[in-house]
Amino acid sequence: AAAPDPNIVPVPDWTKTLGVGVNNNPYGVPSKFEKDVVRREVEWLTASRESSVSFTPLYALDGVITPNGLCFVRHHGGEAEIDPDKYRFMIHGLVDKPLVFTLDDIKRMPGRVNRAYFLECAANSGMEWRGAQLNGCQFTHGMIHNVFYTGVPLRAFLDAAGVKTSAKWVLAEGADASVMTRSIPLHKALDDCLVAFAMNGEALRPEQGYPVRLVVPGWEGNMWVKWLRRLEVGDQPWAQREETAKYTDLLADGRSRRYTFIMDAKSVVTSPSPQAPLKHKGPNVLSGIAWSGRGTIKRVDVSLDGGRNWTTARIEGPAMPMAMTRFYLDFDWDGRELLVQSRAMDETGYVQPSKAELRKVRGENSIYHNNGIQTWLVHGNGETENVEVG
Ligand code: MTE
Ligand code: CO
């Protein structure tokens, strides 16, 4: 007979003594056993912590909502610490009546909504343009989060100010030291942008723009101005630094793609992945995420042999437009080497391209808008690494 399982037979410590009380942690934190599930940096990537990025630990997350404390952080001038009583949001330019709003004013606006959207930095997977580099989906794909925002449609503010008929663009400006500014077409501003003050039910986190950020569904993260302080209405784009020298995509022939706002359909297998290797032979659950800036994800296919054969994965949970979608593939692993890939399709019929297909059209100069198919090589011992297949 086998020895008795010591994790079943003796009464464990946690059953022998009373635990801590209900107010042990007035603002709860995760179990101490989950201490490795944190945002991480890539140290060589940026020269300073103030203009840098930390990555979402996608390999350890499930479902579709990113916990607030694990949402990747990207900013260009450090985190602004804004006193909500002194916070002001102003609209001016080509309007009938320039207006200034306090945070309370924003919360008193009619028409408040709740919407889940992904935010992906245009530079997500940017280090992978020239080949497989970073070993983990936290680093290759972790410049994304998916959050339930509470806010007021930007349209309500523009309507209150009265947009002049000559208006075609708006400029959103942040109150942080980088004074982040981006030009946004007026049609997008009037369509689905939000002035958001809450994420996943609580006030915005400081690093996500407390007390107010702009939400620009499906469009590149750089436009989602944090610590939003100003909206100017104009008749042409402003050609600010973050839409000319940066966030412009240099092609192989020396021309550049400009104002590439929409994030195309993309997906990644989060488990197995380099930080989440396979541990058991037999039944396993492959898991991943897919998203598209053009609408809902309609289908995700998974390959275990580097793209030769594809199986349609199971989309599970809400598949909302411009929001992260979760997929699973239940599979049996016999210890064989695997080349794991996923390929997303959205409601427009767009299919996520291979990296080779993408490079054919875009070259290798840019770091932005890399939505090519990711490959993970799973070795016989379960260890997994970032590779490319020809
Ligand atoms: N807004 C301000 N005010 N300052 C910034 O540096 N960075 C932008 C955008 N909004 C930035 C900003 C970039 S490049 C991205 S990808 C997103 O914020 C990141 O949002 P997050 O920090 O909530 O993940
Ligand atoms: Co960004």
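Me: Is Arg-299 buried, partly exposed or exposed?

Reply: First, the ground rules: this is a predicted model, where local features need pLDDT of at least 70, side-chain atom pairs count only at pLDDT 80 or more, and totals for chains, interfaces and linings use all residues. Residues are numbered from 1 along each chain as its sequence is written, chains are lettered from A and ligands numbered from 1 in the order in which they are written, and side-chain values use heavy atoms, leaving out hydrogens and water. Buried means under 20% relative accessible area, exposed over 50%, and partly exposed in between (1.4 Å probe, protein chains only). Arg-299 has 36%, so it's partly exposed.

Me: Which residue forms a salt bridge with Arg-299?

Reply: Side chains of opposite charge can pair when their charged atoms come close. The rule here is a side-chain nitrogen of Lys or Arg within 4 Å of a carboxyl oxygen of Asp or Glu. For Arg-299 the partner is Asp-301, with the closest N and O atoms 2.8 Å apart. Asp-301 is buried, at 1% relative accessibility. Shared partners also link Glu-173, Arg-229, Arg-230 and Glu-232 into one salt-bridge network.

Me: How many salt bridges are there by this rule?

Reply: The count is 27.

Me: And how many disulfides?

Reply: A disulfide needs a pair of cysteine sulfur atoms within 2.5 Å, and the count is zero. Take Cys-193: the closest cysteine sulfur, in Cys-121, is 17 Å from its own, too far for a bond. Cys-193 is buried, with a relative accessible area of 1%, and Cys-121 is buried too, at 4%.
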